[in-house]
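Please look over the sequence and the model before reading on.

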Amino acid sequence: MALTTVEFDYIRRLLREHAALVLEPGKEYLVESRLYPLARQEGFRSLQHLLEALRTDQRGPLHRRVVEAMTINETSFFRDARAFELLKTVVMPDIVAKRVAERCLNIWCAACSSGQEVYSIALLLREHFAGLPAWNTCLIASDISPGMLTRAREGRYTQLEVNRGLPASFLVKYFQKRGEHWQIREDVRRAVEFLDINLAGPWPPFPNLDLIFMRNVLIYFDVEVKKYILAKVRRLLRPNGYLFLGGSETTLSLDNLFEPISGGGAACYQLRDCEKKRGAAS
Ligand SMILES: C[S@@+](CC[C@H](N)C(=O)[O-])C[C@H]1O[C@@H](n2cnc3c(N)ncnc32)[C@H](O)[C@@H]1O
């Protein structure tokens, strides 16, 4: 049976309350196509039975599974080549030069989905910044979806997934064939700490960060939540740190204390000078 308006609005509210996700009117088809399989998998006779259980089981694990089923997890290795080119040629050389005395580097890849993004960063560092193994490098990746985090921790990908963006030389050098899948080498996996973080909720303590990748996730939030998240990012970023957003995302008209880095069309930002000084002084 198709969703009624009341049922659709209930799911919209649930997604907003639990993950700040905005579901536009008219997306009933998306809810039906994502939640029918979940209802069956959870042993409910219909979508309506699943909704009934949600109403009686406020904030239970079923709510999380609904949020998880509704999130878009699209990702790939080296997604948006321009961003990784900028990372390799401008951003990392600058960070390395500024941090050479401390030999300490803190990176956060937020909303990492199934892990291809954080492993792309890790492999780029290994290939192009050979001195870094001697540094104290902290590479954190997070997502709201426990299922995605499990996949990311395993670092196991299908042929189709490794065909999307991963250079063949990286596949040969850093992956092992496991049956039908390719698994990224254990030493690369172990270098990443994976955390369950809802960007719209409280964040755990972080070290001050040199680099934040938060790509293709702000698009799912409303303006107020985007502003709230960017303000928190600003406080975490070191004075000379860098923030990468997705290609269709921007800080413009959300937070004017960030300024875009010119270079190759990637959505990369730094704090404005006044904000850098404040950060350096604190
Ligand atoms: C489209 S994927 C982007 C993956 C990767 N950053 C990239 O650009 O390829 C969006 C990810 O955001 C996560 N997400 C959605 N809402 C979130 C929230 N409130 N907090 C943290 N992660 C969230 C989803 O689980 C999903 O893995």
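## Terms and model

Buried means under 20% relative accessible area, exposed means over 50%, and partly exposed lies in between (1.4 Å probe, protein chains only). By that rule, Asp80 is partly exposed, because its relative accessible area is 24%.

This is a predicted model: local features need pLDDT of at least 70, side-chain atom pairs count only at pLDDT 80 or more, and totals for chains, interfaces and linings use all residues. Residues are numbered from 1 along each chain as its sequence is written, and side-chain values use heavy atoms, with hydrogens and water left out.

## Two domains

The protein chain is assigned domain 1 (5-70) and domain 2 (81-281). Such bounds come from an automatic or database domain assignment. Taken over C-alpha atoms, the domain centres are 30 Å apart. Nine residues of domain 1 and twelve residues of domain 2 make the contact. Contact here means heavy atoms within 4.5 Å.

## The interface

The size of an interface is often given as the accessible area lost when the parts come together. Buried area is that loss for two parts (1.4 Å probe), summed over both. Domain 1 and domain 2 bury about 750 Å² between them, with 50% of it on carbon and sulfur atoms. On the domain 1 side, Ala20, Arg64 and Glu68 supply 55% of the area buried against domain 2, more than any other three residues.

Two salt bridges are counted between the domains. A salt bridge needs a side-chain nitrogen of Lys or Arg within 4 Å of a carboxyl oxygen of Asp or Glu. Arg64 forms a salt bridge with Asp196, and their closest N and O atoms are 3.1 Å apart. On the side of domain 1 that touches domain 2, α1 (5-19) and α4 (61-70) are the elements that give two or more residues.

## Helix α3

Helices (H or I, at least four residues) and strands (E, at least two) are DSSP runs, numbered from the N terminus. Helix α3 covers residues 47-56, and its buried residues are Leu47, Gln48, Leu50, Leu51, Ala53 and Leu54. They pack against α1, α2 (28-41) and α4. Ser46 caps the N-terminal end of α3, with a side-chain oxygen 3.3 Å from the backbone nitrogen of Gln48.

Gln48 counts as buried because its relative accessibility is 14%. A 3.2 Å polar contact joins its side chain to that of Glu7. Leaving aside residues up to four places away in sequence, Gln48 touches Met1, Ala2, Leu3 and Glu7.

## Loops

Most residues other than glycine have a negative phi. Asp80 is not a glycine, yet its phi is positive, about 65°. The residue sits in the loop between α4 and α5 (81-99). Ser253 also has a positive phi, near 60°. Its loop runs between β8 (237-244) and β9 (258-260). Is Ser253 buried or exposed? Ser253 is exposed, because its relative accessible area is 72%.

Pro202 lies in the loop between β6 (192-196) and β7 (209-213). Pro202 is exposed, with a relative accessible area of 77%.

Key: Polar contact = N/O pair within 3.5 Å; in protein donor to acceptor, adjacent residues only side chain to side chain.
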